[in-house]
Amino acid sequence: MAGRKLSRRQQSRIRDAQQAVDPNAPHHHEGRVISHRGKAVEVEPLDRPDDHLQCGFKANLGLIVCGDRVTYRDDGRTPLIVAIQPRRNLLQRRDGFGHIKAVAANVSQLVICLAVRPEPNLYLLDQYLVSAEQQGLQALILLNKIDLLETPTEDPFSLRAIYRPLGYPVLHSSIGDADSIEALKRHLAGQVSVISGVSGVGKSSLTRAILPGIDIRIGEISEFNQEGRHTTRSSRLYHLPGGGDLIDTPGVRGFNPVLDPQQSLADGFREIRDAAQHCRFANCRHVNEPGCAVRAAVEAGSIHADRYAHYLKLLDAA
Ligand SMILES: Nc1nc2c(ncn2[C@@H]2O[C@H](COP(=O)(O)OP(=O)(O)OP(=O)(O)O)[C@@H](O)[C@H]2O)c(=O)[nH]1
Ligand SMILES: [Mg+2]
Ligand SMILES: [Zn+2]
């Protein structure tokens with residue numbers, strides 16, 4: 001139910017409905033949501049992973065997201081999802097209209113896919129990283145289409161210089177370069193990863209390069225503005241042969257993270273969080289307070305000015 005705020009009463013009704021379901025009741029089974037598009041939810045039974053079921057769902061369940069663990073009833077009619085199990089995490093963003101969109105649930109790693117073309121937007125990257133930090137996910141920065149660089153350089157767009165010192169891995173890839181695909185596979189092994197980024201960066205192409213057997217649509221890039229055409233319409237989970245899963249998602253126009261009100265925005269920026277321990281005031285927002293260790297670090301050059309600018313921009317938007 002993206003974009004609609006549920007009242008307390010609705011929330012408690014959803015909770016009651018979920019608690020009322022006993023997964024051991026006759027005809028009740030557990031499964032995992034592989035994809036959800038409109039009213040169609042595809043569920044993989046936990047005990048029969050090769051058997052994908054098209055399920056309906058009870059109306060009062062709230063969001064159903066790719067990666068969700070669910071209880072469904074299968075008594076000979078169309079299988080029906082009756083409960084969603086508690087989530088380990090839920091990655092959400094706001095679209096251009098401010099509506100909340102769920103991206104994926106129960107994941108361990110966010111792969112932020114950028115490309116040489118369309119060119120990376122580092123504000124978007126920082127928004128993704130804030131989401132990853134707040135949801136407790138590992139983050140992997142992936143720069144795809146490295147073959148399109150006119151002059152091959154060690155660190156295009158300075159991604160490695162800015163992000164590696166913060167502890168984020170930065171990989172380069174090209175779907176035609178088998179070594180880079182192997183390196184990506186190593187980073188995905190054993191993880192439940194979700195790959196996200198703007199349209200046309202090559203998320204589905206990379207997914208197919210990793211899993212050559214799958215049927216997946218690849219789009220074109222517009223010659224006119226170098227943007228993708230929003231080819232992938234809904235998220236889908238794929239199993240990796242060596243263990244782990246990869247969720248391919250539709251291209252975003254922006255990734256406005258849905259911030260956790262219990263956490264401070266500074267916690268989404270690793271280096272700001274660290275420096276903030278030395279601010280004079282515990283509730284320092286790092287804008288213009290006296291004795292701010294974050295601003296001192298920006299002035300000294302140990303915090304990158306762009307990262308700080310993105311922090312201020314997000315603070316302003318919150
Ligand atoms: N040169 C080059 N082109 C690539 C590479 N990876 C993908 N492409 C091309 O980029 C275009 C878009 O690829 P997709 O995989 O559909 O991109 P996507 O990120 O899934 O796009 P959406 O589903 O719209 O979000 C296609 O024409 C691909 O062939 C790469 O490594 N190098
Ligand atoms: Mg795609
Ligand atoms: Zn401060």
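What follows looks at the ligand site, a helix beside it and the nonpolar cores of a predicted model.

Start with the ligand. Ligand 1 sits among 21 surrounding residues, and the closest of these are Ser 199, Lys 203, Ser 205, Gly 219 and Thr 232. Sorted by type, that shell comes out as 12 polar, 6 nonpolar and 3 charged residues. An oxygen atom of ligand 1 lies 2.5 Å from an N or O atom in the side chain of Ser 205. Backbone atoms come in as well: a polar one of Ser 204 is 3.0 Å from an oxygen atom of ligand 1, and a polar one of Val 201 is 3.3 Å from an oxygen atom of the ligand. On its own, ligand 1 would expose 660 Å², and the protein buries 87% of that.

Helix H5, spanning residues 203–210, gives the most to the shell around ligand 1, with 3 residues. The helix is largely enclosed by the rest of the structure, because 6 of its 8 residues are buried. Those buried residues are Lys 203, Ser 204, Ser 205, Leu 206, Thr 207 and Ile 210. Their cover includes strands E8, E9, E11, E12 and E13 (245–248), along with helix H4 (178–188).

Ser 235 has a relative accessible area of 12%, under the 20% cut-off, so it counts as buried. Setting aside neighbours within four places in sequence, Ser 235 is in contact with Ile 34, Ser 35, His 36, Cys 66 and Val 103, as well as Ile 247, Asp 248, Thr 249 and Pro 250.

Now for the nonpolar cores. The largest of them has 33 residues, and Leu 125 and Tyr 163 make the most contacts inside it. Two or more residues each come from strands E7 (100–105), E8 (109–115), E9 (138–144) and E11 (192–196), and from helices H2 (122–135) and H3 (159–163). H2 supplies the largest share of this core, 6 residues. As for Tyr 163, its contacts beyond four places in sequence are Leu 122, Leu 125, Asp 126, Leu 129, Ile 141, Tyr 168, Val 170 and Arg 307. There is also a second, separate core of 19 residues, with Ala 275, Cys 279, Val 294 and Tyr 311 among them. As a general matter, nonpolar side chains in soluble globular proteins tend to be buried together.

Note on methods:
Residues are numbered from 1 along each chain as its sequence is written. Chains are lettered from A and ligands numbered from 1 in the order in which they are written. This is a predicted model: local features need pLDDT of at least 70, side-chain atom pairs count only at pLDDT 80 or more; totals for chains, interfaces and linings use all residues. Side-chain values use heavy atoms; hydrogens and water are left out. A residue is near a molecule or strand if one of its heavy atoms lies within 4 Å of it. A polar contact is a pair of N or O atoms within 3.5 Å; within protein, one must be able to donate a hydrogen and the other to accept it, and residues adjacent in sequence count only if both atoms are side-chain atoms. Accessible areas come from the Shrake-Rupley method with a 1.4 Å probe; for residues, only the protein chains shown count as cover. Helices (H or I, at least four residues) and strands (E, at least two) are DSSP runs, numbered from the N terminus. Ala, Val, Leu, Ile, Met, Phe, Trp, Tyr, Cys and Pro count as nonpolar, Asp, Glu, Lys and Arg as charged, and the others, Gly among them, as polar. A nonpolar core is a set of buried Ala, Val, Leu, Ile, Met, Phe, Trp, Tyr and Cys residues joined through side-chain atoms within 4.5 Å. Buried means under 20% relative accessible area, exposed over 50%, partly exposed in between (1.4 Å probe, protein chains only). Contact means heavy atoms within 4.5 Å.
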